Amino acid sequence: MYSRELTTFIAVADQGSFLKASKELYITPASVMNQINKLESLIGVKLIERTNQGTQLTAAGRSIYKDAKKIIKQSEQAIARARQIANDEQQAIRVGTSILRPCKTLVELWSRIDDGTLPITIHIVPFDDSPVSMETMLDSLGREIDCFVGPCDSLTWKERYNILSLKPVNCCIAVPRKHKLSKKKKLTWSDLEGETFMLVKQGDSPVLNKMRDEIETKHPQITLLDTPHFYDTGVFNECEQMGCVMETLDIWKDVHPSIVTIPMEWDYEMPYGIVYAKNLSGAMQTFIHTLQKYLNIETELLH
């Protein structure tokens, strides 16, 4: 959308020398100089003054630099819009997937719905479960990722995004394999007395807030240790290294080789479903409508 020479010019202006620009662009200093000479020849004005201390923009160069930044930004936006239109035309749904939020449930559900005649394809987009990466992924919903599947008890998510519920999943206890409780088939509150219990910090999850309240009021012998709102594999590593017990979900029973997932005698369940943006593309509207229709039929058949 814009010339290579313009990109090189921006790099030289930002770095203040041909050598530093060449390192940033992974080309030789001679190539940088040739491209700047070509750009100046094409425009017909001098853009950069060469000095012993590096480079300095001329008045014309400063003007070009300012406008070039706008040109590049507009070009990137134009490309993003074109790609979005192409995705809509192809009816492609970009489904995010990670270790703790795998797309398998949605893909299997869609395979039961689509007999090969529906005009929608699924593209898998990987993301990371770390708290920072999760925030980035959520900000990209509707732009780079259309949806993902996972626990969806967050009050913030319910305000910011659409959620299509699929099923509830059971809250369980994660225990290191070397822990004294690891051989038990099912746990009770009395089993957890004297243990350090890793639990998502108070706030955004009504289910886990209720669990925390029960522990604090009825089971004071259990010591609570806060974890981030977003679990990643690092939380499971910490559980194993510290020898703690931890709240987990039955769908995560195979996430960590050194952790055992054990059912608990309680009634805590976590809603599990598809999280997607409020503003939907045409393809996404069709996709969600088709899923809702199928899930309603499945529910009616079960009853």
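K293 counts as exposed, with a relative accessibility of 53%; the term exposed stands for over 50% relative accessible area, buried for under 20%, and partly exposed for the range in between, with a 1.4 Å probe and protein chains only. K293 is placed in helix α10. Helices (H or I, at least four residues) and strands (E, at least two) are DSSP runs, numbered from the N terminus. Between the C-alpha atoms of K293 and I113 there are 10.0 Å in space, although the two residues are 180 apart in sequence.

This is a predicted model, in which local features need pLDDT of at least 70 and side-chain atom pairs count only at pLDDT 80 or more, while totals for chains, interfaces and linings use all residues. Residues are numbered from 1 along each chain as its sequence is written, and side-chain values use heavy atoms, with hydrogens and water left out.

M284 is buried, at a relative accessible area of 2%. Apart from its neighbours within four places in sequence, M284 is in contact (heavy atoms within 4.5 Å) with I93, D146, C147 and Y276. M284 and P119 lie 165 residues apart in sequence, and their C-alpha atoms are 12 Å apart in space.

One of the contacts of M284, D146, also takes part in a salt bridge with R94. A salt bridge is a side-chain nitrogen of Lys or Arg within 4 Å of a carboxyl oxygen of Asp or Glu. Side chains of opposite charge can pair when their charged atoms come close. How many salt bridges does the structure hold? There are ten, and the table presents some of them.

| Salt bridge | N to O distance |
|---|---|
| R94 and D146 | 3.0 Å |
| E195 and K180 | 3.7 Å |
| K253 and D254 | 3.1 Å |

The salt bridge of R94 with D146 links distant parts of the chain: R94 belongs to strand β3 (residues 92-97), and D146 to the loop between α6 (131-139) and β5 (147-151), 52 residues away. Both R94 and D146 are buried. The salt bridge between E195 and K180 connects two positions 15 residues apart, E195 and K180 both being in the loop between β6 (162-176) and β7 (196-200). Of this pair, E195 is buried at a relative accessible area of 8%, whereas K180 is exposed at 67%. In the bridge formed by K253 and D254, K253 is partly exposed, with a relative accessible area of 49%, and D254 is exposed, with 64%.

**The nonpolar cores**

A nonpolar core is a set of buried Ala, Val, Leu, Ile, Met, Phe, Trp, Tyr and Cys residues joined through side-chain atoms within 4.5 Å. In soluble globular proteins, nonpolar side chains tend to be buried together. Which members of the largest nonpolar core touch the most other members? Among its 56 residues, these are L192, F197, F287 and L291. Leaving out residues up to four places away in sequence, F197 touches several residues, including I173, L192, M211, L224 and W266. A second, separate core has 15 residues, among them L6, V12, F18 and I48.

L224 is also touched by R212, a residue of helix α8 (residues 206-218). R212 is buried, at a relative accessible area of 6%. Its other contacts beyond four places in sequence include L199, V200 and D226.

Two packed helices are described by the angle between their axes and the distance between the axes. Axes are lines fitted to C-alpha atoms, for helices over the stretch in contact, and angles run from 0 to 180 degrees between N-to-C directions. Helix α2 (residues 18-25) packs with helix α3 (residues 29-43) at about 105 degrees, and their axes are 8 Å apart. The two helices α2 and α3 are therefore roughly perpendicular, a term for angles of 65 to 115 degrees. F18, L19, A21 and S22 of α2 make the contact with P29, V32, M33 and I36 of α3.

Y26 stands in the loop between α2 and α3. Most residues other than glycine have a negative phi. Y26, which is not a glycine, has a positive phi of about 60 degrees. Y26 is exposed, with a relative accessible area of 76%.

I72, in helix α4 (residues 59-90), is buried, with a relative accessible area of 15%.

How values were computed
Parallel < 35°, antiparallel > 145°, perpendicular 65-115°, else oblique.
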